[in-house]
Amino acid sequence: MSEPLTPPGGEEQDTVAPDPEARATGLLGRLDAAHRVNGMLAPVLTAVLAFFIGGLVVLVTTGKNPITTYRAIFDGSGLNWLFPWVGGDDRVLAAVNLQQTLLLTTSLILVGLAVAFAFRCGLFNIGGQGQYLVGSIFSVWIGSSFASMNGPLHIALAIAVATLAGAAWAGIAGLLKALVGVNEVISTIMLNWVAVWTGVFLFGQGGPLQNDTQVSVPVSNDIVETAKLKVFWGDPLLQGLHIGFFIALAALVVYFVVLNRTTLGYGVRAVGFNPEAARYGGISVARNYFLAMAISGAFAGLAGAMDILGWQFRLATGDVLTSTIGFTGIAVALLGRNSAVGVGLGALLFGALLNGTSTRNLDPEVFKPELASNLTQIIVGLIVLFVGADLIVLWVLGRIRRGRRTVGAPA
């Protein structure tokens, strides 16, 4: 949204890029210009403001010290492992906690990219949760079947099918948008519910994919050993960090390259910038709507496969009904300004928050974990709210800068 619109390996196309002066006079133009001037400053201030208000909520409602609470959440996330002076048992515990944080970060990166890619085409993909669930369903089905298949081939097949399933699911919304102009917000919300209740039907009692041996438990079969992703840090029996973390990092690179170094990415950004100008420049808006949604869904489907093959190993109806990771991906993309680096950092922040406030990591004497998990949701909501109103933050920054220039100017 904020980078110059330059085709890969070519010069700028005046027929597609909106006129800079015209952009500067509109609301979106001023927002875009302000983002480019302020870089990462605005999202950092947004996060700081959200944490500050969250701290006030802690202080007013419970009387607890918010700094002590945030310190405990930080330690519970395992990020204190990065400090060399943390040793002994504390370092071992920090390593385990950090592995859990990075497990959450892995899937948050992918669902964040799912939302961000659609954003870059001017689409608001609310359906990351449904696309994530569809990817989970297909990966658990493939992973629990074909037990005689070669290990790496089995994993590759499960990942590929889950990714394609996510792409196809989101592609429905893209196709409806491209052909008949159906609002993607409405269609993706509806697709979320279809995915949720399809999962409940499949794994509920008597469902076609319910566990073969536990007929009274609404859960899928476990995936076979050969379909599990290899753990490279920590104990596999304690949900150590698996190689899917590197797949998520690779996805960040793919996202950046596709958007900024390919003709496809140029078309997606052009349509997101101004669909009418893109159409005038010979770019198919409908085609890019469909492709952007399909690629977006592929990232979310891949996220589902990473969680199933990496540490969940099965899918229960309770997981289907209570999972909200796709919605958190919206906050990740918004805070990360739809950039690869921003999404990576945003995913790490929310992964640390989610893990640091879990009941097993937060000392109840410092702060009740049950309340802390709600605190996480409050901070997520505040960040989404403030990012949506970031023109206010940027306006305040502009006023401060102008005030400093006025004070420093010669009389």
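The legends below describe close-up views of a predicted model.

Residues are numbered from 1 along each chain as its sequence is written. In this predicted model, local features need pLDDT of at least 70, side-chain atom pairs count only at pLDDT 80 or more, totals for chains, interfaces and linings use all residues, and side-chain values use heavy atoms, with hydrogens and water left out.

**View 1. The whole protein chain.** The chain has 17 helices and 2 strands. Helices (H or I, at least four residues) and strands (E, at least two) are DSSP runs, numbered from the N terminus. Of the 411 residues, 50% count as buried. Buried means under 20% relative accessible area, exposed over 50%, and partly exposed in between (1.4 Å probe, protein chains only). The accessible surface comes to about 19200 Å². Carbon and sulfur atoms hold 68% of that surface. Areas come from the Shrake-Rupley method with a 1.4 Å probe; for residues, only the protein chains shown count as cover. Among contacts with a separation of 6 or more, 73% join residues 24 or more positions apart. A contact means heavy atoms within 4.5 Å.

**View 2. The second largest pocket.** This pocket holds about 690 Å³ of space. It is lined by 24 residues, and the closest to its centre are Leu 104, Trp 311, Ser 323, Ile 325 and Leu 354. Elements that give two or more residues to the lining are helix H5 (88–120), helix H6 (128–143), helix H12 (285–312), helix H13 (317–322), helix H14 (325–335) and helix H15 (340–356). H5 gives the largest share, 5 residues. By class, the lining has 9 nonpolar, 12 polar and 3 charged residues. Ala, Val, Leu, Ile, Met, Phe, Trp, Tyr, Cys and Pro count as nonpolar; Asp, Glu, Lys and Arg count as charged; the others, Gly among them, count as polar. A pocket is an open set of points on a 1 Å grid over the protein atoms alone, where a 1.4 Å probe fits, with protein on both sides within 12 Å along at least five of seven lines; lining residues have an atom within 4 Å of a point. Grid points are joined across faces, edges and corners, and the volume is the space filled by probe spheres set on the points.

**View 3. Ser 107 in helix H5.** Ser 107 lies in helix H5. Its relative accessible area is 1%, so Ser 107 is buried. Beyond neighbours within four places in sequence, Ser 107 is in contact with Ala 303, Asp 307 and Ile 325.

**View 4. Asn 125 between H5 and H6.** Asn 125 sits in the loop between H5 and H6. At 0% relative accessibility, Asn 125 counts as buried. Leaving aside residues within four places in sequence, Asn 125 is in contact with Ala 114, Val 115, Ala 118, Gln 131, Thr 188, Met 293 and Ser 296.

**View 5. Thr 163 in helix H7.** Thr 163 belongs to helix H7 (residues 151–180). Not counting residues up to four places away in sequence, Thr 163 touches Gly 297, Ala 298, Gly 301 and Leu 302. Thr 163 and Leu 302 are 139 residues apart in sequence, yet 4.8 Å apart in space, C-alpha to C-alpha.

**View 6. The loop between E1 and E2.** Leu 238 lies in the loop between strand E1 (231–233) and strand E2 (241–242). With a relative accessible area of 54%, Leu 238 is exposed. Leu 238 and Trp 311 are 73 residues apart in sequence and 9.0 Å apart in space, C-alpha to C-alpha. Gln 239 is found in the loop between E1 and E2. Phi of Gln 239 is near 55°, a positive value in a residue other than glycine. Gln 239 counts as partly exposed, at 30% relative accessibility.

**View 7. Arg 337 between H14 and H15.** Arg 337 has its place in the loop between H14 and H15. Its phi is positive, about 55°, although Arg 337 is not a glycine. At 17% relative accessibility, Arg 337 counts as buried.

**View 8. Aromatic pairs.** Rings of Phe, Tyr and Trp (its six-membered ring) pair if their centres lie within 6.5 Å; planes under 30 degrees apart count as stacked, over 60 as edge-to-face and the rest as tilted. The count comes to 11 aromatic pairs. One of them, Phe 119 with Phe 124, is stacked, at 5.0 Å centre to centre and 25° between the planes. Phe 124 counts as partly exposed, at 30% relative accessibility. Phe 74, Phe 83 and Trp 85 form one aromatic cluster.
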